[in-house]
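User: I would like to learn to read this model feature by feature. Please give the general idea each time, then the case here.

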Amino acid sequence: MEHSENGTTSMMKQQAAGKEKNKTNQLEKRNEKKAWPDSMRLTMAAFCITLNFVGAYLALCLKLPIYLDSIGTILAGAVLGPWYGMAVAMGSGLISGVTSDIYAIYFMPAGMITGFVAGFLFRTRLFDKKRMPIGTAFITLPGTAASASISAFLFHGVTSSGSSILVQMLSHLGCSMVVSAFVVQIVTEYADRFLSVALVLVLRACMTTDMKARLKGGQSHGTV
(Lines give C-alpha, C1' and ligand atoms only; values in the text may rest on other atoms or scores of the structure.)
Protein backbone atom coordinates (compact mmCIF):
# COMPACT_ATOMS: atom_id res chain seq x y z
CA MET A 1 0.00 0.00 0.00
CA GLU A 2 2.82 2.35 0.93
CA HIS A 3 4.65 1.46 -2.31
CA SER A 4 1.52 2.32 -4.31
CA GLU A 5 1.20 5.74 -2.62
CA ASN A 6 4.86 6.52 -3.29
CA GLY A 7 4.39 5.61 -6.95
CA THR A 8 1.33 7.86 -7.23
CA THR A 9 3.18 10.74 -5.60
CA SER A 10 6.10 10.27 -7.95
CA MET A 11 3.79 10.31 -10.99
CA MET A 12 2.09 13.48 -9.77
CA LYS A 13 5.46 15.15 -9.36
CA GLN A 14 6.49 14.11 -12.84
CA GLN A 15 3.25 15.45 -14.29
CA ALA A 16 3.66 18.75 -12.44
CA ALA A 17 7.25 19.01 -13.66
CA GLY A 18 6.10 18.27 -17.21
CA LYS A 19 3.43 20.98 -17.06
CA GLU A 20 5.94 23.48 -15.69
CA LYS A 21 8.37 22.62 -18.49
CA ASN A 22 5.66 23.09 -21.10
CA LYS A 23 4.77 26.49 -19.65
CA THR A 24 8.44 27.50 -19.73
CA ASN A 25 8.79 26.37 -23.35
CA GLN A 26 5.66 28.26 -24.36
CA LEU A 27 6.91 31.41 -22.62
CA GLU A 28 10.28 31.14 -24.38
CA LYS A 29 8.58 30.71 -27.76
CA ARG A 30 6.41 33.77 -27.13
CA ASN A 31 9.48 35.80 -26.21
CA GLU A 32 11.27 34.61 -29.35
CA LYS A 33 8.29 35.57 -31.52
CA LYS A 34 8.21 39.00 -29.92
CA ALA A 35 11.97 39.55 -30.21
CA TRP A 36 12.19 38.50 -33.87
CA PRO A 37 9.99 41.31 -35.28
CA ASP A 38 11.74 43.82 -33.00
CA SER A 39 15.15 42.83 -34.35
CA MET A 40 13.84 43.03 -37.90
CA ARG A 41 12.50 46.54 -37.33
CA LEU A 42 15.80 47.70 -35.84
CA THR A 43 17.70 46.18 -38.75
CA MET A 44 15.39 47.89 -41.24
CA ALA A 45 15.79 51.21 -39.41
CA ALA A 46 19.59 50.86 -39.59
CA PHE A 47 19.33 50.10 -43.31
CA CYS A 48 17.17 53.21 -43.81
CA ILE A 49 19.68 55.39 -41.96
CA THR A 50 22.41 54.03 -44.23
CA LEU A 51 20.34 54.86 -47.32
CA ASN A 52 19.92 58.43 -46.13
CA PHE A 53 23.60 58.85 -45.31
CA VAL A 54 24.86 57.46 -48.62
CA GLY A 55 22.34 59.47 -50.64
CA ALA A 56 23.12 62.71 -48.80
CA TYR A 57 26.87 62.16 -49.20
CA LEU A 58 26.53 61.61 -52.96
CA ALA A 59 24.39 64.74 -53.34
CA LEU A 60 26.91 66.75 -51.31
CA CYS A 61 29.94 65.53 -53.26
CA LEU A 62 28.27 66.02 -56.65
CA LYS A 63 26.65 69.36 -55.64
CA LEU A 64 23.29 68.14 -56.89
CA PRO A 65 20.25 70.44 -56.67
CA ILE A 66 18.36 67.60 -54.97
CA TYR A 67 19.22 66.06 -51.61
CA LEU A 68 18.75 62.25 -51.73
CA ASP A 69 18.59 62.22 -47.92
CA SER A 70 14.95 61.19 -47.50
CA ILE A 71 14.79 57.80 -49.22
CA GLY A 72 15.39 55.93 -45.97
CA THR A 73 13.16 58.29 -44.00
CA ILE A 74 10.19 57.71 -46.30
CA LEU A 75 10.89 53.96 -46.47
CA ALA A 76 10.93 53.76 -42.67
CA GLY A 77 7.68 55.69 -42.45
CA ALA A 78 6.08 53.51 -45.12
CA VAL A 79 6.97 50.09 -43.67
CA LEU A 80 7.56 50.80 -39.97
CA GLY A 81 5.32 53.75 -39.16
CA PRO A 82 5.62 57.48 -38.39
CA TRP A 83 7.72 57.22 -35.23
CA TYR A 84 10.35 55.13 -36.96
CA GLY A 85 10.31 57.63 -39.82
CA MET A 86 11.14 60.40 -37.37
CA ALA A 87 13.81 58.31 -35.63
CA VAL A 88 15.53 57.44 -38.91
CA ALA A 89 15.59 61.11 -39.98
CA MET A 90 17.09 62.10 -36.63
CA GLY A 91 19.67 59.30 -36.71
CA SER A 92 20.85 59.97 -40.25
CA GLY A 93 20.91 63.73 -39.61
CA LEU A 94 23.17 63.29 -36.60
CA ILE A 95 25.52 60.93 -38.42
CA SER A 96 25.75 63.14 -41.51
CA GLY A 97 26.17 66.23 -39.36
CA VAL A 98 29.07 64.75 -37.40
CA THR A 99 30.85 63.07 -40.33
CA SER A 100 30.26 65.01 -43.54
CA ASP A 101 27.79 67.92 -43.46
CA ILE A 102 27.20 70.03 -40.35
CA TYR A 103 24.09 71.58 -41.97
CA ALA A 104 22.33 68.20 -41.70
CA ILE A 105 21.94 68.66 -37.95
CA TYR A 106 20.09 71.94 -38.36
CA PHE A 107 17.74 70.49 -40.99
CA MET A 108 16.84 67.45 -38.85
CA PRO A 109 13.42 68.86 -37.87
CA ALA A 110 12.40 69.06 -41.54
CA GLY A 111 13.42 65.44 -42.08
CA MET A 112 11.59 64.30 -38.96
CA ILE A 113 8.42 66.04 -40.14
CA THR A 114 8.76 64.29 -43.51
CA GLY A 115 9.16 60.88 -41.85
CA PHE A 116 6.19 61.45 -39.57
CA VAL A 117 3.91 62.58 -42.41
CA ALA A 118 5.06 59.72 -44.65
CA GLY A 119 4.22 57.21 -41.93
CA PHE A 120 0.60 58.36 -41.90
CA LEU A 121 0.12 58.96 -45.63
CA PHE A 122 1.40 55.53 -46.64
CA ARG A 123 -1.51 54.06 -44.68
CA THR A 124 -3.84 55.66 -47.22
CA ARG A 125 -4.25 55.07 -50.96
CA LEU A 126 -2.57 58.31 -51.99
CA PHE A 127 0.28 56.43 -53.63
CA ASP A 128 -1.78 54.17 -55.86
CA LYS A 129 -0.82 54.73 -59.51
CA LYS A 130 -2.04 58.17 -60.66
CA ARG A 131 -2.41 59.47 -57.10
CA MET A 132 1.32 59.27 -56.44
CA PRO A 133 2.08 62.92 -57.49
CA ILE A 134 -0.60 64.14 -55.07
CA GLY A 135 0.69 61.95 -52.24
CA THR A 136 4.22 63.18 -52.92
CA ALA A 137 3.03 66.79 -52.68
CA PHE A 138 1.45 66.14 -49.27
CA ILE A 139 4.70 64.59 -48.04
CA THR A 140 6.75 67.48 -49.44
CA LEU A 141 4.89 70.58 -48.24
CA PRO A 142 5.24 70.35 -44.42
CA GLY A 143 8.95 69.54 -44.54
CA THR A 144 9.56 72.21 -47.19
CA ALA A 145 7.98 74.90 -45.03
CA ALA A 146 10.29 73.90 -42.16
CA SER A 147 13.46 73.61 -44.27
CA ALA A 148 12.80 76.90 -46.11
CA SER A 149 12.41 78.71 -42.78
CA ILE A 150 15.62 77.15 -41.45
CA SER A 151 17.50 78.03 -44.64
CA ALA A 152 16.25 81.63 -44.72
CA PHE A 153 16.43 82.61 -41.05
CA LEU A 154 19.50 80.67 -39.90
CA PHE A 155 21.70 80.64 -43.01
CA HIS A 156 20.28 83.39 -45.25
CA GLY A 157 19.88 80.87 -48.07
CA VAL A 158 23.51 79.71 -48.07
CA THR A 159 23.87 76.00 -47.25
CA SER A 160 25.92 73.06 -48.50
CA SER A 161 23.28 72.16 -51.11
CA GLY A 162 23.68 73.01 -54.78
CA SER A 163 20.25 74.67 -54.65
CA SER A 164 21.73 77.54 -52.61
CA ILE A 165 22.87 79.14 -55.89
CA LEU A 166 19.27 79.33 -57.05
CA VAL A 167 18.19 80.88 -53.74
CA GLN A 168 20.82 83.60 -54.07
CA MET A 169 19.82 84.31 -57.68
CA LEU A 170 16.16 84.84 -56.73
CA SER A 171 17.17 86.96 -53.76
CA HIS A 172 19.26 89.26 -55.99
CA LEU A 173 16.29 89.57 -58.35
CA GLY A 174 14.31 91.24 -55.59
CA CYS A 175 12.52 88.38 -53.81
CA SER A 176 12.71 88.18 -50.05
CA MET A 177 15.01 85.50 -48.64
CA VAL A 178 12.09 83.49 -47.21
CA VAL A 179 10.20 83.54 -50.52
CA SER A 180 13.36 82.70 -52.47
CA ALA A 181 14.17 79.80 -50.16
CA PHE A 182 10.61 78.47 -50.24
CA VAL A 183 10.29 78.66 -54.05
CA VAL A 184 13.57 76.85 -54.58
CA GLN A 185 12.90 74.35 -51.81
CA ILE A 186 9.43 73.45 -53.06
CA VAL A 187 10.74 72.74 -56.56
CA THR A 188 13.89 70.87 -55.59
CA GLU A 189 12.33 69.01 -52.66
CA TYR A 190 9.32 67.91 -54.69
CA ALA A 191 11.68 66.46 -57.32
CA ASP A 192 13.70 64.84 -54.54
CA ARG A 193 10.64 63.41 -52.76
CA PHE A 194 9.12 62.18 -56.03
CA LEU A 195 12.28 60.20 -56.76
CA SER A 196 12.40 58.96 -53.16
CA VAL A 197 8.75 57.85 -53.15
CA ALA A 198 9.21 56.04 -56.47
CA LEU A 199 12.19 54.11 -55.07
CA VAL A 200 10.30 53.35 -51.85
CA LEU A 201 7.35 51.96 -53.79
CA VAL A 202 9.72 49.69 -55.75
CA LEU A 203 11.46 48.50 -52.57
CA ARG A 204 8.17 47.90 -50.78
CA ALA A 205 6.83 45.93 -53.76
CA CYS A 206 9.88 43.65 -53.50
CA MET A 207 9.06 42.72 -49.90
CA THR A 208 7.10 39.58 -49.20
CA THR A 209 3.77 39.70 -47.38
CA ASP A 210 5.31 37.92 -44.39
CA MET A 211 8.16 40.42 -44.20
CA LYS A 212 5.71 43.33 -44.20
CA ALA A 213 3.67 41.62 -41.47
CA ARG A 214 6.73 41.10 -39.27
CA LEU A 215 7.91 44.68 -39.78
CA LYS A 216 4.47 45.90 -38.74
CA GLY A 217 4.70 43.73 -35.62
CA GLY A 218 2.19 41.10 -36.76
CA GLN A 219 2.50 37.34 -37.03
CA SER A 220 4.06 35.65 -40.02
CA HIS A 221 2.49 32.56 -41.58
CA GLY A 222 5.44 31.40 -43.61
CA THR A 223 9.06 32.09 -44.37
CA VAL A 224 10.41 35.59 -44.90
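Analyst: Start with the elements. Helices (H or I, at least four residues) and strands (E, at least two) are DSSP runs, numbered from the N terminus. Thr114, for instance, is found in helix 5. This is a predicted model: local features need pLDDT of at least 70, side-chain atom pairs count only at pLDDT 80 or more, and totals for chains, interfaces and linings use all residues. Residues are numbered from 1 along each chain as its sequence is written, and side-chain values use heavy atoms, with hydrogens and water left out.

User: How many helices and strands does the chain have?

Analyst: It has nine helices and zero strands. Along the sequence the pattern reads α-α-α-α-α-α-α-α-α.

User: How do I read burial, and is Thr114 buried or exposed?

Analyst: Buried means under 20% relative accessible area, exposed over 50%, and partly exposed in between (1.4 Å probe, protein chains only). Thr114 has a relative accessible area of 0%, so it is buried. Ile113 also has its place in helix 5. Its relative accessibility is 31%, so Ile113 counts as partly exposed. Across the chain of 224 residues, buried residues make up 39%.

User: What does Thr114 contact, and what does Ile113 touch?

Analyst: Contact means heavy atoms within 4.5 Å. Leaving aside neighbours within four places in sequence, Thr114 is in contact with Thr73, Ile74, Ile139, Gly143 and Arg193. With residues up to four places away not counted, Ile113 touches Pro142, Gly143 and Ala146. Ile113 and Pro142 are 29 residues apart along the chain, and their C-alpha atoms are separated by 6.9 Å. For the chain, take the contacts with a separation of 6 or more: 66% of them join residues 24 or more positions apart.

User: How do I read helix packing? At what angle do helix 2 and helix 3 pack?

Analyst: Two packed helices are described by the angle between their axes and the distance between the axes. Axes are lines fitted to C-alpha atoms, for helices over the stretch in contact, and angles run from 0 to 180 degrees between N-to-C directions. Helix 2 (residues 71–80) and helix 3 (residues 82–99) pack at about 160°, with axes 7 Å apart. That makes helix 2 roughly antiparallel to helix 3. The cut-offs: angles under 35 degrees count as roughly parallel, over 145 as roughly antiparallel, 65 to 115 as roughly perpendicular and the rest as oblique.

User: Which residues of helix 2 and helix 3 meet?

Analyst: Gly72, Thr73, Ala76, Gly77 and Leu80 in helix 2 meet Pro82, Tyr84, Gly85, Val88 and Ala89 in helix 3. By class, the contact of helix 2 with helix 3 has six nonpolar, four polar and no charged residues. Here Ala, Val, Leu, Ile, Met, Phe, Trp, Tyr, Cys and Pro count as nonpolar, Asp, Glu, Lys and Arg as charged, and the others, Gly among them, as polar.

User: At what angle do the axes of helix 2 and helix 5 cross?

Analyst: They cross at roughly 30°, and the axes come within 7 Å. That makes helix 2 roughly parallel to helix 5. Thr73, Ile74 and Gly77 of helix 2 make the contact with Gly111, Thr114, Gly115, Ala118 and Gly119 of helix 5. The contact of helix 2 with helix 5 has two nonpolar, six polar and no charged residues.

User: How many residues of helix 2 are buried?

Analyst: 10 of the 10 residues are buried, so helix 2 is largely enclosed by the rest of the structure.

User: What is a nonpolar core, and which residues have the most contacts inside the largest one?

Analyst: A nonpolar core is a set of buried Ala, Val, Leu, Ile, Met, Phe, Trp, Tyr and Cys residues joined through side-chain atoms within 4.5 Å. The largest has 23 residues, and Met44, Val79, Phe122 and Ile139 have the most contacts inside it. Its largest share, six residues, comes from helix 2.

User: Where does phi call for a second look?

Analyst: Most residues other than glycine have a negative phi, and most peptide bonds are trans. Leu68 is not a glycine, yet has a positive phi of about 55°. Leu68 lies in the loop between helix 1 and helix 2, and is buried, with a relative accessible area of 13%. Lys129, also not a glycine, has a positive phi of about 50°. Lys129 is in the loop between helix 5 and helix 6, and is exposed, at 80% relative accessible area. Just after helix 2, Gly81 takes a positive phi of about 115°.
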